[in-house]
Amino acid sequence: MKRRGRLAALAASTSVAIAGCAGEDGSYEFDAEPARIPESAYAEGFSGEDPESFTIDQEFNAAGVNADVSATTWIARYTNQTVGSALFVASTPNASIGGQSVNPLVRADDAELIRRLLSQVDQQGIGGNGTDIQADDIEKRGEETRTILDEETSVSILETTVSAEVSGDGGQSGSVEDIPVLVYIGTVQHDDDVIALVGVHPVEIDQSDQLLSMMEAVEH
């Protein structure tokens, strides 16, 4: 099953009773459980940070229900700044109303998922402050099947380009543009959350084994 169809099915299968989550003001809040890579599973050259949260607020209208919905997602970032590779691990709530997920990250296609996740964090691990992944120009390069959280998961491999501001020796700064990169995207449902993993490395420096092995080690 393709990724978007699979996530839609997951959303439908984990519908919650909207009345059970309502606040006094008619709003609804959902919070994911953080996911992370254990330090013992870091690939050589990688370092990591504790998961940080961000909240997506939106007006939701489905199945005759109008509601203000707040969905809290957790992101952990792991980087190898020497070679410019990174792995982002996001845990996002998969609550739904009338078979439709309340979380736009769950409904996003691959390009939109990249854009939304990476807009939430400082992307120093992919080249420096001001990094811009060109998510509108993505080409599929293949896929790998890996076991993530005890489930066989298809990891899409995509190619796009990155532009970034970089800092050099002596405090000098500059920019690089249109650097080809490979992007790895895997999603899996675990408990009441969807875990999204997004890995990136320059085309000229192969980090596929490192990123995929770290994906397989994720804990939630």
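Trainee: Is Glu-216 buried, exposed or partly exposed?
Mentor: In this predicted model, Glu-216 is partly exposed, with a relative accessible area of 32%.

Trainee: And which residue does Glu-216 form a salt bridge with?
Mentor: Glu-216 pairs with Arg-146, and the closest N and O atoms are 3.4 Å apart. This pair links distant parts of the chain, since Glu-216 sits in helix H4 and Arg-146 in strand S9, 70 residues apart.

Trainee: What about Arg-146 itself, buried or exposed?
Mentor: Arg-146 is buried, with a relative accessible area of 19%. The cut-off for buried is under 20%, so Arg-146 at 19% falls on the buried side.

Trainee: Which other residue forms a salt bridge with Arg-146?
Mentor: Glu-144 does, with the closest N and O atoms 3.8 Å apart. Glu-144 is partly exposed, at a relative accessible area of 31%.

Trainee: How many salt bridges does the structure hold?
Mentor: There are six salt bridges. One of them joins Glu-159 and Arg-141, where the closest N and O atoms are 2.7 Å apart.

Trainee: Which parts does that pair tie together?
Mentor: Glu-159 lies in strand S10 and Arg-141 in strand S9, so the pair ties together parts that are 18 residues apart in sequence. Glu-159 is partly exposed at 22% relative accessible area, and Arg-141 is partly exposed at 46%.

Trainee: Let's switch to the inside. How many residues are in the largest nonpolar core?
Mentor: The largest nonpolar core has 22 residues, and Leu-87 and Val-89 have the most contacts inside it.

Trainee: Which elements give two or more residues to this core?
Mentor: Strands S4 (65-80), S5 (85-93), S10 (151-167), S11 (173-190) and S12 (193-202) do, along with helix H4 (208-216). Helix H4 gives the most to this core, with four residues.

Trainee: OK, now the surface. Which residues form the negative patch?
Mentor: The negative surface patch is formed by Glu-29, Asp-31, Glu-33, Asp-57, Glu-59, Asp-68, Asp-191 and Asp-192.

Trainee: Which strands each supply at least two residues of that patch?
Mentor: Strand S1 (27-31) and strand S3 (52-62) each do.

Trainee: Where is Asp-57, and is that residue buried or exposed?
Mentor: Asp-57 is in strand S3. The residue is exposed, with a relative accessible area of 58%.

Trainee: What is phi for Asp-191?
Mentor: Phi of Asp-191 is near 55°, a positive value in a residue other than glycine. Leu-149 also has a positive phi, of about 55°, although Leu-149 is not a glycine.

Trainee: Where is Leu-149 found, and does Leu-149 count as buried or exposed?
Mentor: Leu-149 is in the loop between strand S9 (139-148) and S10. At 17% relative accessibility, Leu-149 counts as buried, whereas Asp-191 counts as exposed at 57%.

Notes
Residues are numbered from 1 along each chain as its sequence is written. This is a predicted model: local features need pLDDT of at least 70, side-chain atom pairs count only at pLDDT 80 or more; totals for chains, interfaces and linings use all residues. Side-chain values use heavy atoms; hydrogens and water are left out. Patches are made of residues with over 30% relative accessible area and no salt bridge: like charges are joined within 9 Å, nonpolar side chains (Val, Leu, Ile, Met, Phe, Trp, Tyr) within 5 Å. Accessible areas come from the Shrake-Rupley method with a 1.4 Å probe; for residues, only the protein chains shown count as cover. A salt bridge is a side-chain nitrogen of Lys or Arg within 4 Å of a carboxyl oxygen of Asp or Glu. Lys and Arg count as positive and Asp and Glu as negative; His and the chain ends are not counted. The place of a charge is taken as NZ of Lys, CZ of Arg, CG of Asp or CD of Glu. Buried means under 20% relative accessible area, exposed over 50%, partly exposed in between (1.4 Å probe, protein chains only). A nonpolar core is a set of buried Ala, Val, Leu, Ile, Met, Phe, Trp, Tyr and Cys residues joined through side-chain atoms within 4.5 Å.
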